[in-house]
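Open the model in a viewer and keep the sequence panel beside it. The stops below go from the sheet to the helices, then to the cores and single residues.

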Amino acid sequence: MFRLDLHVHSAFSDDGEGSPLEVVKSLKEKKFDGVAITDHNTLEGALRAKKLSSDDFIVLAGVEISSCDGHVLALNVDSMPKVGVSVEETVESILDLGGIPIIPHVFRNMSGVYRDGLEKVKSKCSCMEVFNSASMPQSNLKMMRLADEFGLGGTGGSDAHMPKYAGFGYTEIDCEELSVDCVVESLLKGKCWGRGESLPFEYRQQRFLSAIRRYFGSGVKKI
């Protein structure tokens, strides 16, 4: 069983801090096995981090896409999926690139696709996020129950925007060896589950206030 933070941001997100190298270093120090850098609507940080992949620590290139219905994670992609289209089109775009679409923080008010959005794409997803360290515990519990109801595997991530908080949330991957191919195969089979602990309250509150500012700055649209 391996542990990877599959939802974490670097300074290449407009609201993130720390280089991809600092994120990787933080997770290595905490004895994690890998990471997916998932910056907002850019692969630049993820592709830089991918070069840091090694035999004992793997890096999946990823990106958090802003669909017009809410956020979608794209894992194991080297090209950008479509941005600003429906959740269905976003998922199709990720699949066309050979990536793995994962719906994060389903119930988050300003950026989740909600249950209705997930129902539209669940047949094309092997996993959904079931633990997000920036979410309230009751929201994570609802996501776990929804994954069980829909028969989906579960991923976890810190959703950290600072390297020191990377690893607060993580995905346990059931695979025989630590390699990108093996991890990808396990994700496609849903052989995974998300676990972790909540980020400190003060930091979560800071992130919430930042999201509110972005939400109203966008004209009260999904951010």
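Two strands pair if DSSP finds at least two bridges between them; helices (H or I, at least four residues) and strands (E, at least two) are DSSP runs, numbered from the N terminus. The model is predicted, so local features need pLDDT of at least 70 and side-chain atom pairs pLDDT 80 or more, while totals for chains, interfaces and linings use all residues. Residues are numbered from 1 along each chain as its sequence is written, and side-chain values use heavy atoms, with hydrogens and water left out.

**The sheet.** Select residues 70-75 and 100-103, which are strands β4 and β5; they pair in the antiparallel sense over three bridges. Within this pair, L73 stands opposite I102 of β5. Now show the whole open sheet: nine strands with mixed pairing, in the order β7-β6-β5-β4-β3-β2-β1-β8-β9. β7 (153-157) and β9 (192-196) are at the edges with a single partner strand each, so one side of each has no neighbour in the sheet. From one strand to the next, the twist averages 35° (axes are lines fitted to C-alpha atoms, for helices over the stretch in contact, and angles run from 0 to 180 degrees between N-to-C directions).

**The helices.** Select 137-150, helix α5, which packs on the sheet and touches β6 (127-132) and β9; the directions of α5 and β6 make about 155°. Contact here means heavy atoms within 4.5 Å. Next select 180-188: helix α6 lies across several strands, including β1 (2-8) and β3 (58-67), and runs at about 45° to β3.

**The cores.** A nonpolar core is a set of buried Ala, Val, Leu, Ile, Met, Phe, Trp, Tyr and Cys residues joined through side-chain atoms within 4.5 Å. Buried means under 20% relative accessible area, exposed over 50%, and partly exposed in between (1.4 Å probe, protein chains only). Select V35, I103, L118 and M128, which touch the most other members of the largest core, a set of 43 residues. Apart from it lies another core of 19 residues, among them L73, I100, L178 and C192.

**Single residues.** Go to E172 in strand β8 (residues 169-173). What does the side chain of E172 make a polar contact with? The partner is the side chain of R195, at 2.9 Å; a polar contact is a pair of N or O atoms within 3.5 Å, where, within protein, one must be able to donate a hydrogen and the other to accept it, and residues adjacent in sequence count only if both atoms are side-chain atoms. Finish at K51, in the loop between α2 (44-50) and β3. K51 counts as exposed because its relative accessibility is 73%.
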